[in-house]
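Here are my notes on the model you sent over, as numbered points. Have the structure open while you read.

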Amino acid sequence: MSGRVEDLSPQQQEALARFQENLQDLLPTLPKADDYFLLRWLRARNFDLQKSKDMLQKHVEFRKQLDLDNILAWQPLETYPRAQVIQLYDSGGLCGYDYKGCPTWFDIIGTLDPKGLLLSASKQDLIRKRVKVCELLLHECELQTQKLGRKIEKVLMVFDMEGLSLKHLWKPAMEVYQQFFAILEANYPETVKNMIVVRAPKLFPVALNLVKSFMGEETRKKIVILGDNWKQELTKFISPDQLPVEFGGIMTDPDGNPKCLTKINYGGEVPRSYYLREQVGMQYECKVCVGRGSSQQVENEILFPGCVLRWQFASDGGDIGFGVFLKTKIGERQKAGEMTEVLPSQRYNAHLVPEDGSLVCLKAGVYVLRFDNTYSLIHAKKVSYTVEVLLPDKASEEKLQGLRAARPSPVQ
């Protein structure tokens, strides 16, 4: 049995009745604690009553902390000046419904400016805005239930990955998405119907691998990656009249705009006039002293192509040179001139503003991050840094490779 209303086994029916009894103290604090709502929590914990209750109790605390009963009226503008940056540049939007009447949310990733947003607004407000989206979608489900006369309790999410690049893998930005998916799992169980990914570039498996550990197994199973014919494939989930022209449907704005800009925010680069700060606070894992007239090398072995090398660093005592190299001989230290230059070495004012960056490793081998102080014959420099190797999600990588292999050969 599916564990849904009208499809319960006798044991599940008994578990639901006992769950209701166990929650008499909590039910009054919840907005709509009907059988559909309670079964979501039971299914999320395989009808384990204690685990389901613990999960729901944590959600009640979460509701209080974020004042979810009033979050639909919340605007970041109330928090600090120029906070309309979130409304203007944080992408996404509710647009249309699938064939069953479930609301469809479009998340536009490629045109998002993650660093600009995090330098212009607080991380807490960006996450709060996403929680507001979750509550908005649940509210829309309720409106659809009333309109259609049958229960609607799931949402469809479409992630447009065109333009996904290394800037989107910036650590503070990925932490926002990681926290969002963790919140989604803990507080909105059994509400996602599918997560449909379109226009995914080669970098997508790395991005997915960074967030998938924050998703439950059932949520990961709902990820659907579409290939080159994604516009045609999308119409299997969503009727063309409920789908913007931009995504393969026939819906437009009243003025004929194919992107439906009145419904979907496509983000964009945040103007520097919105910036509240020049940097986001970092915590570094390692420290090293680079002596005067010398350099320090940090080695990272890359076992296969397609991995991403990501770094952040700050210096104390003045600027520092930095470059990335690929060793040509394994097992011995090489000078910069003896290695293959991957990222040209240059001097950074990392004592004023911390530096961060990343690159896609096109070859396997040992990559060397080199901190260069050879130009300073008087001052030693202290460098704090974090270096990470980001691996691709193998399942999605194989899926994308399969979709590319299925492309028709070009006409000769």
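**Notes on cavities, pocket and a few residues**

1. Searching the whole structure turns up 3 cavities of 30 Å³ or more. A cavity here is a set of points, on a 1 Å grid over the protein atoms alone, where a 1.4 Å probe fits but cannot get out. The largest cavity holds about 360 Å³ of space, where volume is the space filled by probe spheres set on the points, with grid points joined across faces, edges and corners. Helix H5 (114-120), H6, H7, S4 and H8 each give two or more residues to the lining of this largest cavity; helices (H or I, at least four residues) and strands (E, at least two) are DSSP runs numbered from the N terminus.

2. Before going further, a word on the source: this is a predicted model, in which local features need pLDDT of at least 70, side-chain atom pairs count only at pLDDT 80 or more, and totals for chains, interfaces and linings use all residues. Residues are numbered from 1 along each chain as its sequence is written, and side-chain values use heavy atoms, with hydrogens and water left out.

3. Pro31, Lys32, Glu135, Leu138 and His139 are the closest to its centre, among 25 lining residues. A pocket is an open set of points with protein on both sides within 12 Å along at least five of seven lines. Helix H2 (35-44), helix H3 (49-66) and helix H6 (123-148) each supply at least two residues of the pocket lining, and the largest share, 7 residues, comes from H6.

4. Have a look at helix H8 (residues 204-211), where 7 of the 8 residues are buried; buried means under 20% relative accessible area, with a 1.4 Å probe and protein chains only. The buried ones are Phe204, Pro205, Val206, Ala207, Leu208, Leu210 and Val211. Their cover includes helix H7 (171-187), strand S4 (192-198) and helix H11 (394-405), along with strands S5 (223-225), S8 (308-316) and S13 (381-390).

5. Cys134 is found in helix H6 and is buried, at 7% relative accessible area. Leaving out residues up to four places away in sequence, Cys134 touches Phe180, Leu184 and Tyr188; contact means heavy atoms within 4.5 Å.

6. Two backbone angles deserve a check. Most residues other than glycine have a negative phi. Phe47, in the loop between H2 and H3, has a positive phi near 65° and is buried at 18% relative accessible area. Cys260 also has a positive phi, near 55°. Cys260 lies in the loop between helix H10 (230-234) and strand S6 (286-290), and is buried with a relative accessible area of 0%.

7. For the overall picture, the protein has 11 helices and 13 strands, and its C-alpha trace spans about 75 × 65 × 45 Å along the principal axes. Buried residues make up 50% of the 412. Of the contacts with a separation of 6 or more, 77% involve residues 24 or more positions apart.

Methods: On a 1 Å grid over the protein atoms alone, a cavity is a set of points where a 1.4 Å probe fits but cannot get out, and a pocket is an open set with protein on both sides within 12 Å along at least five of seven lines; lining residues have an atom within 4 Å of a point.
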